[in-house]
Amino acid sequence: MKKPVLSRVVQEQARVRTPLGQSIEAGVDPAKVISFASAWADHESPALLMAKYAEICADRKLFHSSGGYTEPLGDMACREALAEFERREMGVDVSAENVAVGLGSTQILHNALVALCDPGEDVVLFDPTYANYYIQMVFALTDPCLVKEAGVTRSVPGAEVAYLPVLDVEQWRYMPEPSKALARLEELCKVHNPRMLLFQSPDNPTGQVVKDKFVGGALELCEERGMFLVINMAYEAQLFGDAPKYYSLSPEEHPSLVTIHPNNVFGHSLGRRFGWLVGSKEVVEAVGKVQHATALCPDALHQMAMTSYLRASVPDGSLRKYLSESRELTRKAADAAAEAIDKHLGMRHLKPDGGIYTVMDVGMDSEQFVADALRNASVLFAPGKAFGNTLERAVRVSYGPFVNDHAKLEEGFERLGKHLSKKGK
Ligand SMILES: Cc1ncc(COP(=O)(O)O)c(C=O)c1O
C-alpha cells in the first residue's frame with residue numbers, strides 16, 4: 001500500500017512553533033489553575049439576542065428557513081443590519097454592499113488574504129501582534145514553488161512576513177514615536193514591496209489603540225503604493241476612551257482600507273461562528289468569490305438571529321446600553337488587573353486603552369516564566385514570545401475572563417506573588 005503524503009505546507013508546519021504552545025502540564029491539577037491565558041470575555045450575551053434564537057427555534061417555518069443556504073456574502077437583510085449597526089453605533093459611512101459576512105473573522109481574514117494577495121506576496125505585521133496571523137499567512141499565501149529563507153523576517157513558504165516593532169522594550173511604551181514607526185514601515189515597504197499591512201486596534205496582546213497619527217500616515221503610504229491596510233476591529237466594542245478618527249473612514253473613499261470584525265461585540269459569542277468584513281464594493285465582491293469556495297455561505301441561523309436582534313436593538317438603544325455596560329465591566333477588570341499586578345508583583349505593565357488584555361514585563365524568558373508559574377503557583381499566562389520577539393521577556397495577561405470575578409483575578413496574582421517572593425529568598 002502506498003501511504004498518501006500530507007501537503008507540503010502542512011509538513012512544513014511541523015517545523016514551526018504553534019501560536020500558543022503552553023498547555024496544562026502533567027502534575028498540575030487543572031481545577032486549581034487560574035488562567036490569564038484565555039482569549040475571551042465573560043460578558044453575558046444580550047437577553048434579547050438569546051430570545052431571537054429561541055424565537056427562530058420555536059417556529060417551524062423560521063427554523064426551516066434557517067437550514068437554507070444564503071448568498072456567499074451573506075443574506076442581504078443581515079448585511080443591511082450590520083451596515084446600519086456600523087453607521088449608527090460605530091460612525092462608519094457604509095452600505096450593505098460594503099459588508100461581507102463570514103464564519104468568524106478568522107475565516108473571513110483567510111478569504112481576504114486569498115482575495116487580496118497573490119501567493120508569495122509579502123505582508124507586514126506588527127511585533128507584537130495577534131499570535132494566529134503567522135499560521136494564517138502560511139495557509140493563505142503559500143506558494144510551494146518558492147521557499148525563501150527569512151532574515152529578520154519569518155518565512156511563509158513563498159512569502160515573507162515582515163515585522164514592524166511597535167513596543168519600545170527599554171521604555172516599555174507602545175509606539176512612543178509614531179513618526180519613527182512610519183519611517184520604519186516605509187523602509188520595510190521598500191525592501192519587501194508588500195501587498196498588505198495588518199494589525200488590530202485595540203490590540204491583542206497589548207490592549208493599545210494605534211494612534212491616528214500612525215494610521216493616517218500608514219494609509220497614505222498604502223494608497224501611494226497600492227497596498228491594502230487591514231485593521232482587525234476585534235475589540236472595537238471594548239474601547240475605553242474616544243474612538244480614533246480612522247474608525248469612521250469610508251471604505252469607498254479609501255478603497256485600500258479593509259476592516260474585519262469578530263463576533264465579540266455581543267458578549268461571550270465567539271463560539272457562535274459569525275463575523276464580518278467591511279471594505280469597498282470591489283473588495284467585498286472579491287471576498288465573496290473566495291467565500292463561495294471556502295464555505296459556500298455563512299451560517300444562516302446566526303445571520304437570522306443577528307439580523308432580528310440588530311433590527312430591534314439598534315433603533316431602541318438597547319444595544320448601545322448593552323455595549324456601554326459591558327465596556328464598563330471590562331474597564332473595571334482592566335483596573336483590577338493593574339492594581340493586583342502593582343500590589344503583588346510590582347512588574348511593569350501597559351495600561352490598556354481597550355480590549356481584554358495587557359502585557360507584563362517578567363524580566364526573563366517568557367516560556368520559562370510561564371512554565372514555572374504554572375508548575376508552582378497554578379497560574380497560567382500566554383508567553384509573550386508567541387506574539388513576537390519584542391515580548392520575549394513578557395507575558396500576555398487576559399483579564400477578560402474575570403469581568404465578573406475580580407476576587408479570582410486577585411487570587412491569581414497573589415498566589416504568583418507569594419511563589420515569586422519565596423523563590424527570591
Ligand atoms: C485579534 C483577534 N482577532 C481574531 C480573533 C478570533 O476571531 P473569530 O472568533 O471571529 O475568528 C481573536 C480572538 O481572540 C482576536 O483576539
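Pro-128 sits in the loop that links β3 (123-127) to α6 (133-141). Helices here are DSSP runs of H or I with at least four residues and strands are runs of E with at least two, numbered from the N terminus. The peptide bond between Asp-127 and Pro-128 is cis, with omega at about 5°.

A word on the model before we go on. This is a predicted model, in which local features need pLDDT of at least 70, side-chain atom pairs count only at pLDDT 80 or more, and totals for chains, interfaces and linings use all residues. Residues are numbered from 1 along each chain as its sequence is written.

**Backbone features in loops**

| Feature | Value | Loop |
|---|---|---|
| Cis bond Asp-127 to Pro-128 | omega about 5° | β3 (123-127) to α6 (133-141) |
| Positive phi at Met-175 | phi about 40° | β7 (173-174) to α7 (178-192) |

Met-175 has its positive phi although it is not a glycine.

**Confidence**

The protein chain has an average pLDDT of 92, and 92% of the residues score at least 70; pLDDT is the predictor's confidence in each residue, from 0 to 100. Over residues 145-151 the pLDDT falls below 50, and this stretch has 10 contacts in the model beyond near neighbours in sequence. Two residues are in contact if their C-beta atoms, placed from the backbone, lie within 7 Å. Where pLDDT is low, the predicted coordinates should not be read in detail.

**Two domains**

Domain 1 covers 8-45 + 319-424, and domain 2 covers 48-317; these bounds come from an automatic or database domain assignment. Their C-alpha centres are 24 Å apart. To the contact, domain 1 gives 39 residues and domain 2 gives 43 residues. On the side of domain 1 that touches domain 2, α1 (8-13), α11 (318-344) and β12 each supply at least two residues. The largest share of that side, 8 residues, comes from α11.

An open sheet is formed by 3 strands in the order β12-β15-β14, with antiparallel pairing; two strands pair if DSSP finds at least two bridges between them. β12 (357-361) and β14 (382-383) are at the edges with a single partner strand each, so one side of each has no neighbour in the sheet. Between β12 and β15 (residues 394-398) there are 5 bridges, and Thr-358 stands opposite Val-397 in β15.

**Around the ligand**

Which residues come nearest to the ligand? Of the 13 residues around the ligand, these are Ala-39, Gly-104, Ser-105, Thr-106 and Pro-262. A residue is near a molecule if its C-beta atom, placed from the backbone, lies within 6 Å of it. The shell holds 5 nonpolar, 8 polar and no charged residues. Ala, Val, Leu, Ile, Met, Phe, Trp, Tyr, Cys and Pro count as nonpolar, Asp, Glu, Lys and Arg as charged, and the others, Gly among them, as polar.
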